[in-house]
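Welcome! Take a moment to turn the model around on your screen before reading on.

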Amino acid sequence: MTDSDPVARDGAPAVDPRGWALPRTVALADIGPLADPISEHNGQAIAVRPLTSHPGWLAKLYRPGLRQEDGRRIDLLISAPDTLPAAERAALYAGTCWPAARIHEPGNPAVGCVIPMAPEQYRSELRRGKFSERRFLEIDWLAKSDESIRGVGLPCPGFSGRLTACRRLTELAAILEGLGLVYSDWSFSNAFWSPEGRSVYLIDVDGCQPKKMPDIHQPNWADPLTPPGADADQYTDRYRLALLVAKCLTGRRDASTYHGVAASAWLNQPAVSEVLLDMLLAADRERRPAAAQLNQALNNGPYLRAVPRPTRLPMPQSSLVQPTVTSPQPAPQPVPKSPDVTVTAADRIGAVEEKQKPKTGSSTQWTWVLALVLVVVLVIVITSNH
């Protein structure tokens with residue numbers, strides 16, 4: 001990506017298929033009145049407010065103090081899909097709330113941006129006892145067991161549903177990485193999941209930055225090879241993406257996720273386990289496989305790994321008891337016996353008791369003989385004296 005605005009392959013900006021052909025830079029007054037916030041003080045935004053004149057669109061308003069370079073970065077994001085092949089551009093628009101316009105005011109180049117609202121298909125009815133709530137369904141739900149998902153009235157995804165969602169997620173990650181963008185915010189709260197559509201929708205993508213960006217800390221998502229205070233980059237993204245996919249595929253949320261991946265029996269995706277473990281455990285962060293390699297493995301493709309294979313860090317200790325896999329043991333040998341003798345349980349017990357008796361050696365037998373000889377000699381001496 002460069003500082004110039006990308007254009008489509010025919011030289012003109014690509015048409016945004018999302019239904020509103022607005023200019024790519026707009027004043028706050030140009031987008032009409034704003035409804036009450038649906039979200040406030042979340043991350044870099046002070047508020048997210050629906051546009052009353054344009055249903056399905058939102059104004060994401062940033063905290064004060066952004067600079068001219070922030071405006072240029074947002075412009076870069078808005079025009080980035082123009083550089084993509086049509087299929088990837090359509091996937092990006094369908095699967096993310098990609099910004100459509102930068103909102104500016106005099107003296108403030110980045111008041112905010114206009115983004116689409118997540119489609120209604122990502123809302124689901126959650127039932128808990130007598131109560132129910134219709135809400136956007138976070139991908140967090142895939143990091144739970146099928147029983148837990150079924151318990152709130154959602155369709156059970158099974159492995160097939162989990163796999164399809166992870167394919168969509170890694171497709172979007174591969175597009176971002178191909179654009180040279182760092183997302184950093186891969187976690188449960190930044191993607192929605194549709195059980196019926198078996199798809200995902202990525203949010204907060206307007207925070208992406210080229211090449212590197214301040215690391216967005218999320219509890220339990222820290223990259224062990226990115227030092228605290230260091231910027232996030234494509235290798236940080238790869239680790240967090242792999243962790244999210246591993247949790248969604250296995251339905252696990254703690255260190256047992258790693259063990260679930262290692263012990264997986266995903267017969268139609270033989271490369272997935274190896275790609276995930278290299279992304280999660282490679283001792284050299286720059287040898288983590290790319291998002292596109294994970295997407296290829298999830299789509300039944302091979303893992304074209306560089307040689308030699310990456311050295312891996314030790315597997316995290318699982319809080320769950322894992323089944324022990326042992327080498328096949330030789331079959332027990334029958335007790336030797338003659339054809340005419342039946343070996344009974346009593347015989348076996350007797351044999352064990354016999355083995356447990358202390359053994360007497362030949363030295364003990366000679367001790368008794370010498371003692372007997374001494375007694376005889378003493379008797380002879382006493383008799384002769386009388």
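This is a predicted model: local features need pLDDT of at least 70, side-chain atom pairs count only at pLDDT 80 or more; totals for chains, interfaces and linings use all residues.

Residues are numbered from 1 along each chain as its sequence is written, and side-chain values use heavy atoms, with hydrogens and water left out.

**The cavity**

Rolling a probe the size of a water molecule over the atoms shows where empty space is left. On a 1 Å grid over the protein atoms alone, a cavity is a set of points where a 1.4 Å probe fits but cannot get out, and lining residues have an atom within 4 Å of a point. Points are joined across faces, edges and corners, and a volume is the space filled by probe spheres set on them. The structure holds one cavity of 30 Å³ or more, and the volume of the largest cavity is about 70 Å³.

Which residues line the largest cavity? They are Ala-173, Leu-176, Glu-177, Leu-181, Trp-186, Asp-237, Arg-238, Leu-241 and Ala-291. By class, the lining has six nonpolar, no polar and three charged residues (Ala, Val, Leu, Ile, Met, Phe, Trp, Tyr, Cys and Pro count as nonpolar, Asp, Glu, Lys and Arg as charged, and the others, Gly among them, as polar). Helix H4 (158-178) and helix H5 (234-250) each supply at least two lining residues; helices (H or I, at least four residues) and strands (E, at least two) are DSSP runs, numbered from the N terminus.

**Salt bridges**

Side chains of opposite charge can pair when their charged atoms come close. A salt bridge is a side-chain nitrogen of Lys or Arg within 4 Å of a carboxyl oxygen of Asp or Glu, and a search of the whole structure finds 21 of them. Here are some examples.

| Residue | Partner | N to O distance |
|---|---|---|
| Arg-123 | Glu-120 | 3.1 Å |
| Glu-177 | Arg-238 | 2.7 Å |
| Lys-212 | Asp-231 | 3.9 Å |

Glu-177 and Arg-238 meet in a salt bridge. This pair links distant parts of the chain, with Glu-177 in helix H4 and Arg-238 in helix H5, 61 residues apart. Arg-238 counts as buried because its relative accessibility is 10% (buried means under 20% relative accessible area, exposed over 50%, partly exposed in between, with a 1.4 Å probe and protein chains only). Arg-123, at 25%, counts as partly exposed, and Glu-120, at 46%, is partly exposed too.

**Two residues and their contacts**

Is Leu-77 buried or exposed? Leu-77 counts as buried because its relative accessibility is 1%. Leu-77 is found in helix H1 (residues 68-79). Not counting residues up to four places away in sequence, Leu-77 touches Trp-98, Pro-99, Leu-181, Val-205, Asp-206 and Cys-208, where contact means heavy atoms within 4.5 Å.

Asn-190 sits in the loop between strand S9 (181-182) and strand S10 (191-194), and at 5% relative accessibility Asn-190 counts as buried. Its side chain makes a polar contact with the side chain of Asp-185 at 2.7 Å (a polar contact is a pair of N or O atoms within 3.5 Å; within protein, one must be able to donate a hydrogen and the other to accept it, and residues adjacent in sequence count only if both atoms are side-chain atoms). Among the other residues that Asn-190 touches are Tyr-183, Tyr-201 and Gln-218.

Conventions:
On a 1 Å grid over the protein atoms alone, a cavity is a set of points where a 1.4 Å probe fits but cannot get out, and a pocket is an open set with protein on both sides within 12 Å along at least five of seven lines; lining residues have an atom within 4 Å of a point.
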